[in-house]
Structures are given as C-alpha cells and as structure tokens.
Number of protein chains: 2
Amino acid sequence: MNKIAVVAFGGNALLRANEVGTIEEQEKNTLDTCEKLIAILDQGYELIITHGNGPQVGNILLRNEAGYKEFKIPKMPLDICVADSQGGIGYMIERQMRNALNKKNVSKNVVAVITQVLIDINDSAFENPTKPIGPYYIKEEAELLGKSNNWIFQEDPRKRGWRRVVPSPKPMEVMNNQVVRDLVDKGHIVIAAGGGGIPVYWHSDTRYLEAIEAVIDKDLASALLAKEVGAEKFYIITDVRKVCVNFNKPDQKELDHLTVAEAQKYYDAGEFPAGSMGPKILAAIQFVESGGKEAIITSEAELGKKNCGTRITL
Amino acid sequence: MNKIAVVAFGGNALLRANEVGTIEEQEKNTLDTCEKLIAILDQGYELIITHGNGPQVGNILLRNEAGYKEFKIPKMPLDICVADSQGGIGYMIERQMRNALNKKNVSKNVVAVITQVLIDINDSAFENPTKPIGPYYIKEEAELLGKSNNWIFQEDPRKRGWRRVVPSPKPMEVMNNQVVRDLVDKGHIVIAAGGGGIPVYWHSDTRYLEAIEAVIDKDLASALLAKEVGAEKFYIITDVRKVCVNFNKPDQKELDHLTVAEAQKYYDAGEFPAGSMGPKILAAIQFVESGGKEAIITSEAELGKKNCGTRITL
C-alpha cells in the first residue's frame with residue numbers, strides 16, 4: 001500500500017485575486033498547479049486533491065439570480081449550486097492534471113467524485129450563521145430577500161454591502177471516504193470534497209438524507225478526509241510561502257516548523273485571523289492530532305521543493 | 001464477479017415534460033426512478049446509472065447569458081456547463097439513490113463521477129452541426145451572436161425561434177471506464193457519463209487534452225460505457241412502455257422483442273425518428289453487436305417488472 005498525500009488547493013490555485021475568472025485564466029492556473037503536484041507523485045505518494053469553490057459558486061449564485069430575473073428559470077438551492085461547482089472545477093482539475101501527467105509521461109487515471117459530507121443538524125453553528133455567500137446587496141434589498149426567503153444577512157466589514165450568511169457546521173463524515181480510499185488503492189488520482197463538500201444529514205423523522213443550506217470549511221473537510229483515508233501528509237495550499245507570526249508587522253517572522261502545541265498557542269493568542277490562516281491552522285492541528293504525520297502549509301509556487309512551507313507535527 | 005446492468009435515465013426520469021423544473025419536482029421524480037432500480041439490484045446486478053442533461057444544461061446556458069448581461073460574469077464554455085450539470089444531477093441522483101436504498105435496508109455506496117469522453121476531432125459530425133442547445137433567439141439576435149462567437153444557428157422546425165447547433169460526434173472512449181469498472185467491482189453503484197459525457201480530444205500538435213464545443217448523444221455514450229465495462233444488460237429509459245412500429249398511427253403496434261437485424265431493418269425504413277427513438281435503437285444495436293446480452297428499451301414505470309419493455313438481442 002502506497003503512502004497517501006492529500007493536497008487542498010486554495011482559491012488562488014484556480015482563480016487569482018487580480019483576475020476576473022475567464023475560463024482561460026482558470027485553465028492556465030490549474031495546469032500550473034497540477035504540474036507542481038508531479039513532484040509529490042515522484043516522492044512515491046498516491047494523491048488526493050481537494051479544492052475550494054468560493055469564486056466559482058459565487059458566480060453560479062449570481063447567475064442563478066440573473067437567470068430568474070431575466071428568464072424566470074427556477075433558482076437552485078445552495079446544495080445544487082455547490083454540486084454544480086464540484087462538477088465544473090473537478091472536471092477542469094482532472095483535465096489539466098491529465099495534461100500535467102502526459103507532459104511528464106506519467107500514466108495514471110484521474111477521477112473527480114461528487115462529494116457529500118455529513119453534518120450534525122444540532123451543530124451550534126446553525127444558531128449563528130457566519131459564512132457569507134453570493135452577491136452583495138444594498139440594505140433594502142437584503143431586508144426584502146431576508147423576509148421572503150427566510151435568509152439572514154450581514155453587512156460586509158469592508159462596507160461593500162450586505163451579504164447572505166449561512167451556517168458553517170463541522171464536517172462529521174465524508175460520505176464516500178471508502179470510495180475515495182478504494183480509488184486511491186487502485187493508484188488513481190482522486191479529486192474530492194470540492195468546496196468543503198455538499199452538507200447533508202439524515203433526518204431523524206423521515207430517515208431521509210436531506211440537504212441543508214450551509215457551507216463546510218474546505219480545509220476542515222479536507223483534514224477529515226485525509227484522516228479517514230489514512231493519509232500521511234496533508235498539504236494546504238495558500239497565498240504565502242510559510243505561516244508567519246506578527247503577520248504584516250515590522251517583526252513578521254516566517255515559521256519552518258510548528259508543533260501542534262505551538263500552533264494552538266499562537267492560534268489562541270490571535271495570531272491567525274478567522275478569515276484566512278485560522279481555519280488552515282485548525283485543519284492542520286486536527287489532521288496531526290488524529291494520527292497524520294505532517295501537515296504542510298505553503299504556496300503553490302513552493303510545492304514539491306525541499307522543506308517547503310511550514311510543517312506542523314506532533 | 002457480479003453481472004453488471006447499465007441504466008440510462010431519460011430526461012423524464014428527472015424532469016417531466018409538464019414541469020418547470022423546480023428542485024422539488026426534480027427530487028421527487030429522481031427518488032421515484034431510483035426506487036424502481038432496487039428491483040435490478042435484487043436480481044443480482046451491479047448498477048451503473050447514466051443520465052441526460054438537456055433541460056438542466058439548457059437552464060445553465062440561459063443563466064450564463066443572463067449573468068453576463070446583468071453582472072458581467074464571464075460566460076463559461078459548453079464543456080464547463082456540461083460538467084456543472086453532471087455535478088448537480090449526479091449529486092441529486094446519488095442522494096435519492098441513497099434514500100431508495102435506505103428505505104429498503106440495502107447497504108451500498110453510491111458515487112457520481114465526472115466523465116470526459118474522447119471523440120475524434122476528424123469526425124464528419126464537425127462539418128454538419130445538428131444538435132440544438134441553449135435558448136431560442138429571434139433571427140437578428142442569432143445572426144449577431146453567430147458572427148461574434150463563430151456559432152452556427154438553425155431555425156427550430158416548430159418555428160419557436162433560432163437556436164445554436166453544435167456537432168454531435170461519435171463517442172470513441174469513455175475516459176474513466178477503468179475507474180468505473182474498479183468502482184463496480186467493489187460493489188459501489190456508479191453514476192457516470194451524464195449528458196453523454198464532456199467531449200474532449202488529444203490535440204495532435206500540443207499533445208494537450210482539449211475541450212471542444214460539441215454534445216455527445218447520451219444513449220450512444222452509455223452503450224459504449226456498457227460495452228467497455230462488460231455489462232450484461234443495458235436499459236434505456238424513455239417515455240413509452242415499449243418500442244412501437246407505426247407509432248401514433250391507427251395500426252400502432254408495441255414490440256416485445258427485436259433482433260438486431262429486425263431493429264436495423266425498421267430503423268432503415270424510417271420507423272424511428274432521429275429526435276426520439278432513433279438514437280435509442282442505434283445505441284441498443286451497438287451494445288448488443290459489441291457483445292452485450294440484452295438491451296431493453298422501456299419506461300420508468302415498467303422498470304423491474306417481468307418482461308418489461310422491448311428486448312433487443314442478437
């Protein structure tokens with residue numbers, strides 16, 4: 001049985017901050033990132049790729065609104081929009097990963113699987129929705145939409161408008177973790193858990209598997225999948241080469257290595273903000289504490305280089 | 001090794017002709033159809049589900065237009081739209097199949113895989129685009145769009161307007177047929193080849209796997225996948241209980257059985273129109289001629305009943 005590495009692509013791996021998100025830009029970025037992954041295969045790892053979907057599902061939600069307004073096409077709920085984004089992004093990564101493999105004459109199958117993730121419907125996150133999704137609205141629109149759809153809105157901290165917020169419950173189980181494991185055992189590269197997975201739960205009365213309007217943090221879902229398949233390494237790709245303390249201050253310092261205890265200490269001291277490095281540190285801690293050997297937080301450009309990024313271990 | 005059955009869902013399995021396509025309608029229809037599939041599992045078959053995407057990708061294309069018009073969101077090309085639809089529909093079938101299994105206390109994994117299908121870029125279909133996709137336009141709009149995008153438009157035979165037509169090349173290979181086979185070998189139910197798959201080809205100069213604006217017939221792609229995985233039975237689900245000759249005429253006659261030779265003879269005599277039964281008959285012939293034991297064309301309501309539908313054999 002080969003060792004397994006899980007690599008969580010950041011948004012930037014597909015769509016850079018300074019781009020509008022044309023398909024040409026996304027394909028080029030994806031190919032660049034996939035080419036970097038060959039180094040991990042060369043080290044003898046089987047590969048699972050997970051990815052975010054923020055900009056893409058944001059665009060799908062906007063198109064949903066526009067399509068209803070212009071053509072009265074029924075709007076799809078969030079679960080279908082996330083599933084759509086898993087399809088489109090998964091396909092793009094699969095095709096570009098095949099191109100990266102072909103360029104290096106590596107023969108491997110690549111497969112993108114649609115991923116549902118079980119959550120606990122009693123998760124306290126449902127009492128306090130925090131995850132902004134979809135378009136910005138002016139206050140009056142937000143109030144109207146909130147009333148008619150039973151949605152909750154919050155004002156953007158940077159005053160760009162009001163956005164719908166949904167709960168971000170903890171991932172409990174990646175539903176097809178056994179399937180992902182079976183595929184990796186066969187030597188296939190698997191793309192899974194896109195956008196943190198589609199949150200679902202077993203309804204206690206109907207005993208039906210139901211969808212719920214929520215968003216799971218993609219790094220936490222990736223850490224859970226990495227644990228479930230028994231991965232040895234868990235790479236979290238982000239904008240920076242290494243995790244820093246005193247980030248953006250004169251005494252900013254890059255870290256080569258953190259123990260779980262050190263990472264937790266810095267986290268508790270507020271070194272890692274909730275919207276960016278915070279969830280990645282938590283995901284890394286969760287992976288290592290559940291038995292993983294090493295979590296590595298680094299940038300796409302560093303991937304595969306010796307001693308890249310910040311290593312988090314026990 | 002268990003026997004394999006491939007079931008190709010028709011559009012009606014998800015979205016009925018008299019419905020607008022709300023998510024509630026689609027979920028209900030999908031669950032109904034999935035419940036019928038339990039009978040096939042009970043007969044000892046492993047199951048692969050394929051499906052169309054016509055109404056769903058039609059809506060995605062309309063939202064694409066509306067999103068660009070309203071918010072200037074970059075339009076996605078057809079391959080991404082098809083991949084999106086594979087994600088959304090695959091997820092919906094997976095979740096409802098899990099519900100159908102749960103109701104009957106059958107324990108099985110269900111997994112939807114995004115599917116690319118190789119085509120031949122020299123296929124003669126590229127000289128004569130025939131497959132209508134996306135919205136209807138008035139003539140002047142169609143001419144404008146045709147010029148600016150290098151698209152070809154045709155007037156709808158029922159005079160509902162002008163629609164873009166794309167080529168419908170022959171499927172040459174389902175790229176992940178080995179992956180689908182591996183999953184079925186493990187006893188998982190697999191959802192694949194949605195909308196006929198995303199057509200791709202290896203560019204002879206760049207050696208890159210490239211997308212192409214085209215649509216593969218979903219029954220032909222399903223027949224190919226059924227052959228590639230060595231399926232014994234291939235069900236094609238449609239609106240009618242059985243294939244008919246003299247369809248909609250006073251002497252209309254339902255057929256219980258057709259040999260491949262008889263099917264071909266009726267096809268050549270123009271009994272099966274190109275837009276409806278024709279491609280299904282061709283797909284059934286292709287499956288049986290390539291070694292499959294039996295193709296069955298029937299309606300969702302008949303599925304699992306003894307001697308359901310029209311059987312096509314050698």
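Two strands pair if DSSP finds at least two bridges between them. Helices (H or I, at least four residues) and strands (E, at least two) are DSSP runs, numbered from the N terminus.

Before we start: this is a predicted model, in which local features need pLDDT of at least 70, side-chain atom pairs count only at pLDDT 80 or more, and totals for chains, interfaces and linings use all residues. Residues are numbered from 1 along each chain as its sequence is written, chains are lettered from A in the order in which they are written, and side-chain values use heavy atoms, with hydrogens and water left out.

**Exercise 1. Trace the partners of strand E10 in chain B.**

Step 1. Begin with E11(B) (residues 209-211), which pairs with E10(B) in the antiparallel sense over 3 bridges. Within this pairing, B:Trp202 has B:Leu209 as its bridge partner.

Step 2. Look at the link. The hairpin of E10(B) and E11(B) has 6 residues between the strands, and B:Arg207 there takes a positive phi near 60 degrees.

Step 3. Now find the parallel partner: E4(B) (residues 116-118) pairs with E10(B) over 3 bridges. Here B:Val117 stands opposite B:Pro199.

Step 4. Check the cover. Of the 5 residues in E10(B) (198-202), 4 are buried, where buried means under 20% relative accessible area, exposed over 50% and partly exposed in between (1.4 Å probe, protein chains only).

**Exercise 2. Describe helix H1 of chain B.**

Step 1. Compare its span with expectation. H1(B) (residues 23-42) has 20 residues and reaches 29 Å from first C-alpha to last, close to the expected 28 Å; the expected span is 1.5 Å times one less than the number of residues.

Step 2. Pick out buried positions, including B:Leu31, B:Cys34, B:Leu37, B:Ile38 and B:Leu41. An α-helix has 3.6 residues a turn, so residues three or four places apart point the same way.

Step 3. See what follows the helix: B:Gly44, with a positive phi near 90 degrees.

**Exercise 3. Characterise the interface of chains A and B.**

Step 1. Count residues in contact (heavy atoms within 4.5 Å): chain A brings 60 and chain B brings 60.

Step 2. Take the buried area, the accessible area (1.4 Å probe) that two parts lose on being put together, summed over both. The area is about 5200 Å², and carbon and sulfur atoms give 60% of it. A:Arg63, A:Tyr91 and A:Tyr208 supply 13% of what chain A buries against chain B, more than any other three residues.

Step 3. Find the main contributor: H3(A) gives the most to the side of chain A that touches chain B, with 14 residues.

**Exercise 4. Is A:Ser299 buried or exposed, and what does it touch?**

Step 1. A:Ser299 lies in strand E16 (residues 294-299) of chain A.

Step 2. A:Ser299 is buried, because its relative accessible area is 7%.

Step 3. Leaving aside neighbours within four places in sequence, A:Ser299 is in contact with A:Ile237, A:Thr238, A:Asp239, A:Val240 and A:Arg241.
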